[in-house]
Amino acid sequence: MRVAMIGTGYVGLVSGTCFSDFGHEVVCVDKDADKIERLKLGEIPIFEPGLEDLVRRNVTSGRLQFDTDLTQAVREAEVVFIAVGTPSRRGDGHADLSYVHAAAREIARAAQGFTVVVTKSTVPVGTGADLEHIIREEAPSADIAVVSNPEFLREGAAIEDFKRPDRIVIGTDDPRAREVMAALYRPLSLNAAPLLFTGRNNAELIKYASNAFLAMKITFINEMADLCEKVGGDVQEVARGIGLDRRIGPKFLHAGPGYGGSCFPKDTLALMRTAQEAGTPLRLIETVTTVNDSRKAAMGRRVLDAIGTPPRGATVAVLGLTFKPNTDDMRDSPAINIVQSLLDRGVRVRAFDPAGIEEARKVLPAGVDYAGDPYDCAEGADGLVIVTEWDAFRALDLDRLKALLRRPVVVDLRNVYPPADLIGRGFTYVGIGRGTLD
């Protein structure tokens, strides 16, 4: 099939590349001419394991192309995906749909013959109906069906998620569109991927509800971690006991400094605003967002309490800056709050991340020193904090680390290390949901 993917951000680039790997002919379109030139040269603008090789292979085969003009790509396509950004709107937290609307107008003008226009971007309920209205205004005679097909890609595991999904949600009541979408995803039938056809409003709600629920699980286990610290429990054992219940499951029951990233913060906020406007406020989700914001703000204080020395002039080594491992995404990362809190108290911050330093420079305050590896980061520091659980931090030479630190304090905000491994070597250890042990 011929596919046009409008937007080459995280979702658009991964999805377009994977569709081309299925054998479809895909053109990825973006207005950023520099990005398109880089992609044509094989330079990938995001960090995602395996994506560079996948792009190169499908470009070489001729199935994947890049362009700045959507006209020809849309004219020839049977399916056109809208995969542009929907950031939180300043002031009210609603999803900013201006890029989605602009893409729909351009698609309407370019489409020829029956075309399925698919929203891959995360959009509030009712957006599909709005796009139909926009398209009719722009091109009254256009033969277009608007479909919702939300993405459920985890950064760092996006290719695996696309090719072996838990489910594929397709929102449409149009039988022709349903037939086209079934053919598009037919290559996944060998993996027995559940193809869920539902109403368009349902599909739009499923995306927001899924992310809000997962954010709620993270916030729940983080609050349980605080309780464990007060009553002498171990949150990892508690989470294991909860997660063995098949009705709950172990995923997203890992205590930490709070959730961040491109989806949970903005999607929970957008769902809240939608519910408030509908007169049915989601009090539980409102609390989740409040607790998460408070938690991230509190992590800096936890680090300062652990180092036990006047903050002004002290040095703290920060390992991990991205909101999760295997990505360079800094959006709403807890590291932002932690670093800012430390700098505000006069602490010198030295930081290292395996993939996120360039993105971190764009969002972290001036004054952060960036190190070349974990040991360079730790040298002479009054304490070390693990913010992101990269594999590179799971097997550090602890004896070497202790020798480099001025004070052997480790604040493990991801519970990467068993407390005994550090305490047995003379470290002061602070974990999450395990209290302070030394």
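Buried means under 20% relative accessible area, exposed means over 50%, and partly exposed lies in between, with a 1.4 Å probe and protein chains only. At 10% relative accessibility, Phe264 therefore counts as buried.

This is a predicted model, in which local features need pLDDT of at least 70 and side-chain atom pairs count only at pLDDT 80 or more, while totals for chains, interfaces and linings use all residues. Residues are numbered from 1 along each chain as its sequence is written, and side-chain values use heavy atoms, with hydrogens and water left out.

Helices (H or I, at least four residues) and strands (E, at least two) are DSSP runs, numbered from the N terminus. The expected span of a helix is 1.5 Å times one less than its number of residues. Two helices are set against that value here.

| Helix | Residues | Span, first to last C-alpha | Expected span |
|---|---|---|---|
| α9 | 32 residues | 47 Å | 46 Å |
| α11 | 14 residues | 20 Å | 20 Å |

Just after α9, Gly232 takes a positive phi of about 85°. Gly279 follows α11, and its phi is also positive, near 80°.

Helix α11 covers residues 264-277. Its buried residues include Phe264, Pro265, Lys266, Asp267 and Thr268. Ala270, Leu271, Met272 and Ala275 are buried too. Among the elements that cover them are α9 (200-231) and α12 (283-307); contact means heavy atoms within 4.5 Å.

**Aromatic pairs**

Rings of Phe, Tyr and Trp (its six-membered ring) pair if their centres lie within 6.5 Å; planes under 30 degrees apart count as stacked, over 60 as edge-to-face and the rest as tilted. By this rule there are 9 aromatic pairs. Phe252 and Phe264 form a tilted one, 5.9 Å centre to centre with 45° between the planes. This pair links distant parts of the chain, 12 residues apart. Phe252 sits in the loop between α10 (235-243) and α11, and Phe264 in helix α11. Phe252 is partly exposed, at a relative accessible area of 26%. Elsewhere, ring pairs join Phe19, Phe22, Phe81, Phe162 and Tyr185 into a cluster.

Two strands pair if DSSP finds at least two bridges between them. Strand β4 (residues 79-82) pairs with β5 in the parallel sense over 4 bridges. Phe81 stands opposite Val118 in β5. β5 and strand β6 (residues 144-148) also pair in the parallel sense, over 5 bridges. There, Val116 stands opposite Ala145 in β6.

A crossover is right-handed if, with the strands pointing away from the viewer, the path from the first strand over the helix to the second runs clockwise. β4, helix α5 (residues 98-110) and β5 make a right-handed β-α-β unit. From β5 the chain crosses through helix α6 (residues 127-138) to β6, and this β-α-β crossover is right-handed.

**Cysteines**

A disulfide is a pair of cysteine sulfur atoms within 2.5 Å. The structure holds 0 disulfides. Cys263 is in none, and the nearest cysteine sulfur, that of Cys18, is 16 Å away. Cys263 counts as buried, at 18% relative accessibility. Cys377 is buried as well, at 0%.
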